[in-house]
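Please brief me on this chain.

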Amino acid sequence: MKKVVEEHFQKHTVTEYQHIPDHGERKETSEFRNSKHELESVEHLGCFICGSMEQRESHHIFERCWNHAFDFQRVSYMLFNHYDYHGHCKRDFKSHEDLLRWFIEHFNGKYIEVLDEDGSPHTIVTCDDEALDTIYNQMILDKRHHRDEGHSAHGASFATFTGLTAAKPDFQIAYSPKEYEEIAKVHHDEKYGEVK
């Protein structure tokens, strides 16, 4: 018989320093407004995690601020094959190469030679940053699952965010520090009595 590991809490502290290249001032583009309108008002998509129709926000799968750091050959491959959360890539294109051609045609795509770490030449594709505002790079989330600490694309680890997509409705897999403090106090009070 396997030993049972009792329910417990595990703290993860993640600190990262994001390297963001030079980029234009962030402004809401007509491409982004159209994508958001299509996803929320035409297709009526709820939060990808919980289905909520309240406080919906559009999350960039590939963050727009890193546009100048991306090779759109890879962006297209990942969006088509792995991150097509709402099914638009496969609905509108036959392959990731078709998606790449569309990005190139509509967002000033260019093939550029760069040098790999070992000095050998490599070809990448760049596009204007509005390419990342299209519906192919958007995921609808509610405010909690977009930005809240411990529960969201911007406030949780990849493991936690992925876990949210499959968690049972009655099980919360992660907590914000404030929520955890409240739970810890309740557990302490139940075990040892309320501290006065």
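Gln55 lies in the loop between α1 and β1. Helices (H or I, at least four residues) and strands (E, at least two) are DSSP runs, numbered from the N terminus. This is a predicted model, in which local features need pLDDT of at least 70, side-chain atom pairs count only at pLDDT 80 or more, and totals for chains, interfaces and linings use all residues. Residues are numbered from 1 along each chain as its sequence is written, and side-chain values use heavy atoms, with hydrogens and water left out.

- Gln55 has a positive phi of about 45° and is not a glycine.
- With a relative accessible area of 58%, Gln55 is exposed. Here exposed means over 50% relative accessible area, buried under 20%, and partly exposed in between (1.4 Å probe, protein chains only).
- His44 is found in the loop between α1 (30-42) and β1 (56-60).
- The phi of His44 is also positive, at about 55°, although His44 is not a glycine.
- Most residues other than glycine have a negative phi.

**Overall fold**

- The chain has 7 helices and 4 strands.
- From the N terminus on, the order of elements is α-β-α-α-α-β-β-β-α-α-α.
- The radius of gyration of the chain is 21 Å, well over the 16 Å that the globule rule gives for 196 residues, so the chain is more spread out than a compact globule. That radius is taken over C-alpha atoms, and the globule rule is 2.2 Å times the number of residues to the power 0.38.
- The C-alpha trace spans about 65 × 45 × 45 Å along its principal axes.
- Of the 196 residues in the chain, 32% are buried.
- Among contacts between residues at least 6 apart in sequence, 60% join residues at least 24 apart. Contact means heavy atoms within 4.5 Å.

**Surface and charge**

- The accessible surface of the chain comes to about 13,600 Å². Carbon and sulfur atoms account for 51% of that surface. Accessible areas come from the Shrake-Rupley method with a 1.4 Å probe; for residues, only the protein chains shown count as cover.
- The chain has 23 positive and 37 negative charges, and their mean positions are 5 Å apart. Lys and Arg count as positive and Asp and Glu as negative; His and the chain ends are not counted. The place of a charge is taken as NZ of Lys, CZ of Arg, CG of Asp or CD of Glu.

**Thr29, before α1**

- Thr29 is found in the segment before α1.
- Thr29 is buried, at 10% relative accessible area.
- Its side chain reaches the backbone nitrogen of Phe32 at 3.0 Å. This is a polar contact: a pair of N or O atoms within 3.5 Å, where within protein one must be able to donate a hydrogen and the other to accept it, and residues adjacent in sequence count only if both atoms are side-chain atoms.
- Not counting residues up to four places away in sequence, Thr29 touches Arg64, Glu130 and Asp133.
- Thr29 and Glu130 are 101 residues apart in sequence, yet 7.3 Å apart in space, C-alpha to C-alpha.

- Ser76 sits in helix α2. Its relative accessible area is 0%, so Ser76 is buried.
- Residues up to four places away aside, Ser76 touches His96, Leu99, Leu100 and Phe103.
- Tyr83 is in the loop between α2 (72-81) and α3 (88-92). At 24% relative accessible area, Tyr83 is partly exposed.
- Beyond its neighbours within four places in sequence, Tyr83 is in contact with Ile61, Phe62 and Met78.
- Arg91 lies in helix α3. Arg91 counts as partly exposed, at 47% relative accessibility.
- The side chain of Arg91 makes a polar contact of 3.4 Å with that of Glu43, and one of 2.7 Å with that of Asp92.

**His151, between α5 and α6**

- His151 lies in the loop between α5 (143-147) and α6 (158-164).
- At 3% relative accessibility, His151 counts as buried.
- The side chains of His151 and Arg144 are joined by a polar contact of 3.0 Å.
- Leaving aside neighbours within four places in sequence, the residues in contact with His151 include His145, Leu164, Tyr175 and Glu179.
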